[in-house]
Amino acid sequence: LSRRTADFTDSVIRRMTRISNRYGAVNLSQGFPDFDPPKALLDRLAQVAYEDFHQYSITCGAPGFRQALAEKQSRFMGRTIDPEREIVATCGSTEAMMAAMMTVVDPGDKVIVFSPFYENYGADAILSGAEPIYVPLVPPEFRFDPEVLEDAFRQGVKALILCNPSNPCGKVFTRQELELIADLARKYDAYVITDEVYEHIVYAPHRHVYFATLPGMWERTISCSSLSKTYSITGWRLGYTIAPEEITERIKKVHDFLTVGAAAPLQEAVIPGLRFGQDYYDGLQATYTRKRDLFLRGLDDLKLAHTDPQGAYYVLLDISEFGYDSDLAFCEDLAREVGVGAVPGSSFFREPVNHLIRLHFAKKEDTLLQALNRLGDLR
Ligand code: GLN
């Protein structure tokens, strides 16, 4: 069997879902909602079953889907996105990131990854033959040291991976930080591959800035994102890349041979969501702000030390006081004995970290209260 498939483990995030299910735990490990997608999507999904969407769509995405997505993203990014030349519909942002990596790097090329990072980037790097150079985001603010970042660029990197808003640390990069990254990308002639799946889950006063919209960055950015979190449809596996025509042409080839295309009926059924007005996005932000406040207040009441997310829906909890050597062992005990599923922090950090676990709060308020109630057993 290939060396490259020996060089990474299965996803610990997805493993924790299996463990949570085994013990009947409230699963706050793998980030996905337990509430329904917007009704307009479900209604359309029911209709689509009886319409003519059961065969392959055009490989790079059904025309109606790309058109609606281009209109939405043009509005949010403040730039006209061409649905024919600048978009590829993918099977989740997971495929978008993999296709972007394979489009940009040759075996042996170096890529910068901020640590902590969403675990897929490690496997993406190995599968595409890239060598990751990790740059720490230093707690509690999760800032990076510009000198350390420039040292990494100096090693001759092909691309930087930017998860913003960031999973798992909840950081929303400031415009100033992004401009610093942009200056270095320009100076060292590197691409930037973004993962912006939490673009609409940002807590005031923080604001999401699309990296591709910074001066001079359109040409060197592949923006990857997904509809999973925005419309609570993680199982639909709908994502996309947005990039200049020349890069998109290459992504289309990779995507075509990897998957042919995202599911045609689901691309059709999500279109009403892509046409939602600003109210929907304001509502989403208000909903997640309430969930965040409820969950963090509950953790505070239990005197459990945690991070303060600026975006996305994850919180890192400090478990030092429980005296475990292994965060994985802690998470297994937590699922089995307390009945709450969490992800060991070590699966996100390059640095040796074993005193953090990640919980997510994309759940109904009742589910969150139940989880908090169970976490009370730690006291
Ligand atoms: N992004 C989610 C998480 O970090 C899950 C994504 C996935 O499992 N594909 O938990």
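The legends below describe close-up views of a predicted model.

**View 1. The annotated domain in the predicted model.** According to an unreviewed UniProt entry, residues 26-375 carry the annotation "domain: Aminotransferase class I/classII large". Within this span, 40% is helix and 16% is strand, and the end C-alpha atoms of residues 26-375 lie 10 Å apart.

**View 2. The open sheet of 7 strands.** Read across the sheet, the order of the strands is β2-β8-β7-β6-β5-β3-β4, and the pairing is mixed. The edges are formed by β2 (87-91) and β4 (131-136), each of which has a single partner strand, so one side of each is left without a neighbour in the sheet. From one strand to the next, the twist averages 25 degrees. Inside this order, strand β5 (residues 157-163) and strand β6 (residues 191-195) run parallel and are joined by 5 bridges; for Leu160, the bridge partner in β6 is Val192.

**View 3. The open sheet of 3 strands.** Here the strands follow the order β9-β12-β11, with antiparallel pairing. The edge strands, β9 (314-318) and β11 (343-344), each pair on one side only. Between β9 and strand β12 (residues 356-360) there are 5 bridges in the antiparallel sense, and Val315 stands opposite Leu359 in β12. As a general point for reading both sheet views, strands of a sheet pair through backbone hydrogen bonds, either parallel or antiparallel.

**View 4. The crossing of helices α5 and α9.** Two packed helices are described by the angle between their axes and the distance between the axes. For helix α5 (residues 92-104) and helix α9 (residues 245-259), the axes come within 9 Å and cross at roughly 120 degrees, which makes α5 oblique to α9. The crossing in which α5 passes α9 is right-handed. On the α5 side, the residues that meet α9 are Glu95, Ala99, Ala100, Met102 and Thr103, while α9 contributes Ile247, Arg250, Ile251, Val254, His255, Leu258 and Thr259. Sorted by class, this contact of α5 with α9 has 7 nonpolar, 3 polar and 2 charged residues.

**View 5. The pairing of helices α12 and α14.** The axes of α12 and helix α14 (residues 365-375) come within 10 Å, and their crossing angle is roughly 10 degrees. Since angles under 35 degrees count as roughly parallel, α12 and α14 are therefore described as roughly parallel to each other. Lys291, Leu294, Phe295 and Gly298 in α12 meet Glu365, Leu368 and Leu372 in α14, and the residues of this contact divide into 4 nonpolar, 1 polar and 2 charged.

**View 6. Two cis peptide bonds in loops.** The peptide bond that leads from Ser115 to Pro116 is cis, with omega near 10 degrees, and Pro116 is found in the loop between β3 (110-115) and α6 (120-128). Another cis peptide bond joins Asn167 and Pro168, where omega is about 15 degrees; Pro168 has its place in the loop between β5 and α8 (175-187).

**View 7. A positive phi at Lys303.** Lys303 is a residue other than glycine, yet its phi has a positive value, near 55 degrees.

Note on methods
Residues are numbered from 1 along each chain as its sequence is written. This is a predicted model: local features need pLDDT of at least 70, side-chain atom pairs count only at pLDDT 80 or more; totals for chains, interfaces and linings use all residues. UniProt positions are given in the numbering used here, feature names are shortened, and annotations may be inferred rather than shown by experiment. Helices (H or I, at least four residues) and strands (E, at least two) are DSSP runs, numbered from the N terminus. Axes are lines fitted to C-alpha atoms, for helices over the stretch in contact, and angles run from 0 to 180 degrees between N-to-C directions. Angles under 35 degrees count as roughly parallel, over 145 as roughly antiparallel, 65 to 115 as roughly perpendicular and the rest as oblique. A crossing is left-handed if the near helix is turned anticlockwise from the far one by less than a right angle, and right-handed if clockwise. Two residues are in contact if their C-beta atoms, placed from the backbone, lie within 7 Å. Ala, Val, Leu, Ile, Met, Phe, Trp, Tyr, Cys and Pro count as nonpolar, Asp, Glu, Lys and Arg as charged, and the others, Gly among them, as polar. Two strands pair if DSSP finds at least two bridges between them.
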